[in-house]
Amino acid sequence: MATTDIFMPALSSTMTEGKIVEWLKQPGDKVARGESVLVVESDKADMDVESFQDGYLAAVLMPAGSTAPVGETIGLIVETEAEIADAQAKAPSAPAAAPAPAPAPAPTQAAVQTPAPTPAPAPAPVAAPAPSAPVVNDGRIVASPRAKKLASQMGVDLATVRGSGPHGRIQAEDVEQASGQPISVPRVAEGTAPAAASVGAAAAGAPAAPAGNSFGRPGETVAFNTLQGAVNKNMEASLAVPCFRVGYTITTDKLDAFYKQVKPKGVTMTALLAKAVAATLARHPQVNAATTAAGMAYPADVNVAVAVAMEDGGLITPVLRNADRTDLYEMSRQWGDLVKRSRSKQLQPEEYSTGTFTLSNLGMFGVDRFDAILPPGTGAILAVAASRPTVVANKDGSIAVKRQMQVNLTADHRVIYGADGAAFLKDLADLIENRPESLAL
């Protein structure tokens, strides 16, 4: 009898454990080579795990909802239907449905699965305010943590909600729609809104004070999800990097004027800033470099990662690859697609793990300055604050009001020196202040 173990795969370089979102096959089901067997939530995305061979799923050793370390045996595949019973009899007992990782026998065979692109589901931003006809799910209910929390708070029965996520996974907006609530604007997005903040606009109206985000209720202790755990590990790892920080004030009047011209054509401020950063990085390869065990590594490409906050907690950094050579309008389209698929955890590993420089933009919140934490494996990250009207003195001594924003660079001092960082910021400021229209050429 030939039995093949299904291991928990490593779906990213930082993944140490994964959560089984859903088994797409049940014990006894026939599986074909290349067919998806289960969905795993890694530290960055939900991804299908495929079988490397034809056969039958004999046993599920870790049920949906369980978390297992990378390399753990989570299921068994046999070649023939007649071998199923024998494999089940010899298999370690499967833990109950509770999400509790349990030790399993050490794997003895080669891995059978590999991450594969998840079939792109139709993202479903929903517009209708009224709930549609009730849906009855008679199978397993797969929902995001935020969707479960919202359902609990709103009294929505998840069994009646149609999921718009991958494989019918119920998302937070599905719960909001089912409850008859207006779909909330996704709480994302460092980097998805203009850096220019309309100061004073908020004070003009008198809407009810917005409630801040919370992942738990008073008195609760909420476990970190997989993504949050991975981000925490990265932040702890960054403490070992000797960093320095340097800031620069950039006047954005010309950039803001240019943005008004190209915004109707689909250009976003994030793409505009990423393009400016990439064009400057191309002239400052030292700031695009990173420390490795072998020395200073200079990437062949300029890939700008942009931090995006996920609604369930944690951060992900979709990457605008070859940003210095990509057309501004194409980059805006790419960014919109990356953000959309980030929210549904449909990014492929190369779309979030190949950044050579990171951009973090909190300008949409009106902050005047902040420092960012350096992502491991890169040399620098740029924190972009809001653009604000500021009274400044001109060279001739006259006074004027100009829009200015503060940018702060956090850099690995082992590979980037203060003069490198300062020269990069000076050139970035020159581009934004004097030649922003060149970004569209």
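## Asp-301 and its surroundings

Asp-301 touches Asn-288, Asn-322, Arg-325 and Thr-356, not counting residues up to four places away in sequence; a contact means heavy atoms within 4.5 Å. The model is predicted, so local features need pLDDT of at least 70 and side-chain atom pairs count only at pLDDT 80 or more, while totals for chains, interfaces and linings use all residues. Residues are numbered from 1 along each chain as its sequence is written, and side-chain values use heavy atoms, with hydrogens and water left out.

Asp-301 sits in the loop between strand E12 (295-297) and strand E13 (304-306). Helices (H or I, at least four residues) and strands (E, at least two) are DSSP runs, numbered from the N terminus. Asp-301 has 26% relative accessibility and therefore counts as partly exposed. On this scale, buried means under 20% relative accessible area, exposed means over 50%, and partly exposed lies in between (1.4 Å probe, protein chains only). Asp-301 and Thr-356 are 55 residues apart along the chain, and their C-alpha atoms are separated by 7.9 Å.

## A buried loop residue

Thr-252 is in the loop between strand E10 (243-251) and H6. With 0% relative accessibility, Thr-252 counts as buried. Leaving aside neighbours within four places in sequence, Thr-252 is in contact with Ser-387, Arg-403, Gln-404 and Met-405.

## Helix H7 and its two partners

The axes of helix H6 (residues 253-262) and helix H7 (residues 269-281) come within 11 Å and cross at roughly 130°. Axes are lines fitted to C-alpha atoms, for helices over the stretch in contact, and angles run from 0 to 180 degrees between N-to-C directions. H6 and H7 are therefore oblique to each other. Angles under 35 degrees count as roughly parallel, over 145 as roughly antiparallel, 65 to 115 as roughly perpendicular and the rest as oblique. On the H6 side, Leu-255, Asp-256, Phe-258 and Tyr-259 meet Met-269, Leu-272 and Leu-273 of H7. The residues of this contact divide into 6 nonpolar, no polar and 1 charged. Here Ala, Val, Leu, Ile, Met, Phe, Trp, Tyr, Cys and Pro count as nonpolar, Asp, Glu, Lys and Arg as charged, and the others, Gly among them, as polar.

The axes of H7 and helix H8 (residues 328-343) come within 9 Å and cross at roughly 125°. That makes H7 oblique to H8. Thr-270, Ala-271, Leu-272, Ala-274 and Lys-275 in H7 meet Leu-328, Met-331, Ser-332 and Trp-335 in H8. This contact between H7 and H8 divides into 6 nonpolar, 2 polar and 1 charged residues.

## The nonpolar cores

The largest nonpolar core has 53 residues, and Leu-272, Val-277, Val-304, Phe-357, Leu-359, Leu-382 and Phe-424 have the most contacts inside it. Such a core is a set of buried Ala, Val, Leu, Ile, Met, Phe, Trp, Tyr and Cys residues joined through side-chain atoms within 4.5 Å. H7 gives the most to this core, with 9 residues. Apart from this core lies another, of 18 residues, among them Met-8, Leu-38, Leu-57 and Met-62.

Leaving aside neighbours within four places in sequence, Val-277 is in contact with Val-304, Phe-357, Leu-359, Leu-382, Phe-424 and Leu-428.

## The chain as a whole

The protein chain has 9 helices and 19 strands. Buried residues make up 46% of its 441 residues. Of the contacts in the chain with a separation of 6 or more, 69% are between residues 24 or more positions apart.
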